[in-house]
Amino acid sequence: MKNKAKLLLAGLAATAPLAAFAHPGALADHVHTGFASGLLHPLTGPDHLAAMLAVGMWSALVLRPRWAAPLAFVALLLAGALAAQAGLAVPGIEPMIAASLLVIGLLIATRTRLPVWGGALLVGAFAFFHGAAHGSELAGPGAAAALLGMVIGTAVLHGVGMGLGKAALQRARWIGAVAGAAVAALGSVLLLRLAM
């Protein structure tokens, strides 16, 4: 048990520096055009990367059917991006992204089960803010291709997260607790940073 506690603390400590890289500068500084740019975009911010993997992992650990929450996330990510591109001003984007990490991380760490519709609704609501954060960044003639790339990149990361969750179920159940705590810690650090 002591080794698990040490690993958990090490995972929490390791995530703290990642918060410094999440969304540096104003959103307007990050314009993406073209399919490849959109496809790679979910990998460029630790907050989005962690969220995409976490949704997949939580789905694999506790939800049945496993695909419901990732599908809801992708659909509402697209809706949020389109809303932002259409000019909808969505308040509280960054706090909601940070809160998504905290909540989904805690769901993983505690293996909280929700009804499938509740899990899909929860991650979908968070996904809308993730999409809105990037909808305004997708500009120019390659905006549609960039959005398609972002949606596919997100779905692939959900699949990787589901694979991690399945591996945790088969090999070492404590991995989910450590991963969830690390994601929740990143969300907490981001929330604290936004409050300062």
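The legends below describe close-up views of a predicted model.

View 1. Read along the sequence, the elements follow the pattern α-α-α-α-α-α-α-α. Of the 196 residues in the protein, 46% are buried, and the protein exposes about 9,100 Å², of which carbon and sulfur atoms supply 75%. Where contacts join residues at least 6 apart in sequence, 90% of them link residues at least 24 apart.

**View 2. The largest nonpolar core holds 35 residues.** In soluble globular proteins, nonpolar side chains tend to be buried together. The members of this core that touch the most other members are Trp-58, Phe-73, Leu-101, Ile-104, Ile-108 and Val-123. At least two residues of the core come from each of α3 (46-62), α4 (68-85), α5 (93-110), α6 (116-135), α7 (143-170) and α8 (174-195), and the helix that gives the most is α3, with nine residues. A second, separate core consists of seven residues, among them Ala-84, Val-90, Ile-93 and Phe-129.

**View 3. Ile-108 is shown with its contacts in the largest core.** Leaving aside residues up to four places away in sequence, Ile-108 touches Ala-54, Met-57, Trp-58 and Leu-61, together with the glycines Gly-176 and Gly-180. One of these partners, Trp-58, is listed beside Ile-108 among the residues that touch the most other members of the largest nonpolar core.

**View 4. Helices α3 and α8 pack against one another at an angle of about 145°.** Two packed helices are described by the angle between their axes and the distance between the axes. For α3 and α8, the axes are 11 Å apart, and the crossing is left-handed. On the α3 side, the residues in contact are Pro-46, Asp-47, Ala-50, Ala-54, Met-57 and Leu-61, and these meet Ile-175, Gly-176, Ala-179, Val-183, Leu-186 and Leu-190 of α8. By class, the residues of this contact divide into ten nonpolar, one polar and one charged.

**View 5. Helices α3 and α5 pack at an angle of about 30°.** Their axes lie 9 Å apart, and α3 passes α5 in a left-handed crossing. From α3 come Asp-47, His-48, Ala-50, Ala-51, Ala-54, Val-55, Met-57, Trp-58 and Leu-61, which meet Glu-94, Ile-97, Leu-101, Ile-104, Leu-107 and Ile-108 of α5. This contact has twelve nonpolar residues, one polar residue and two charged residues.

**View 6. Ile-97 is a residue of helix α5 and is buried.** Its relative accessible area is 0%, and because buried means under 20%, Ile-97 falls in that class. Although Ile-97 and Phe-129 are 32 residues apart along the chain, their C-alpha atoms are separated by 6.5 Å. Phe-129 is itself included in the second, separate core.

**View 7. Ser-59 is found in helix α3 and is buried.** The relative accessible area of Ser-59 is 0%. Not counting residues up to four places away in sequence, Ser-59 touches Arg-64, Arg-66, Ala-69 and Pro-70.

**View 8. His-158 in helix α7 is shown with residues that it touches.** At 1% relative accessibility, His-158 counts as buried. Its contacts, when residues up to four places away in sequence are not counted, are with Met-52, Val-55, Gly-56, Pro-70, Phe-73 and Val-74. His-158 and Val-74 are 84 residues apart in sequence, while their C-alpha atoms are 9.1 Å apart in space. Another partner, Phe-73, is listed among the residues that touch the most other members of the largest nonpolar core.

View 9. Most residues other than glycine have a negative phi, and most peptide bonds are trans. Arg-111 has 21% relative accessibility and counts as partly exposed.

Technical notes: Residues are numbered from 1 along each chain as its sequence is written. This is a predicted model: local features need pLDDT of at least 70, side-chain atom pairs count only at pLDDT 80 or more; totals for chains, interfaces and linings use all residues. Side-chain values use heavy atoms; hydrogens and water are left out. A nonpolar core is a set of buried Ala, Val, Leu, Ile, Met, Phe, Trp, Tyr and Cys residues joined through side-chain atoms within 4.5 Å. Buried means under 20% relative accessible area, exposed over 50%, partly exposed in between (1.4 Å probe, protein chains only). Helices (H or I, at least four residues) and strands (E, at least two) are DSSP runs, numbered from the N terminus. Contact means heavy atoms within 4.5 Å. Axes are lines fitted to C-alpha atoms, for helices over the stretch in contact, and angles run from 0 to 180 degrees between N-to-C directions. A crossing is left-handed if the near helix is turned anticlockwise from the far one by less than a right angle, and right-handed if clockwise. Ala, Val, Leu, Ile, Met, Phe, Trp, Tyr, Cys and Pro count as nonpolar, Asp, Glu, Lys and Arg as charged, and the others, Gly among them, as polar. Accessible areas come from the Shrake-Rupley method with a 1.4 Å probe; for residues, only the protein chains shown count as cover.
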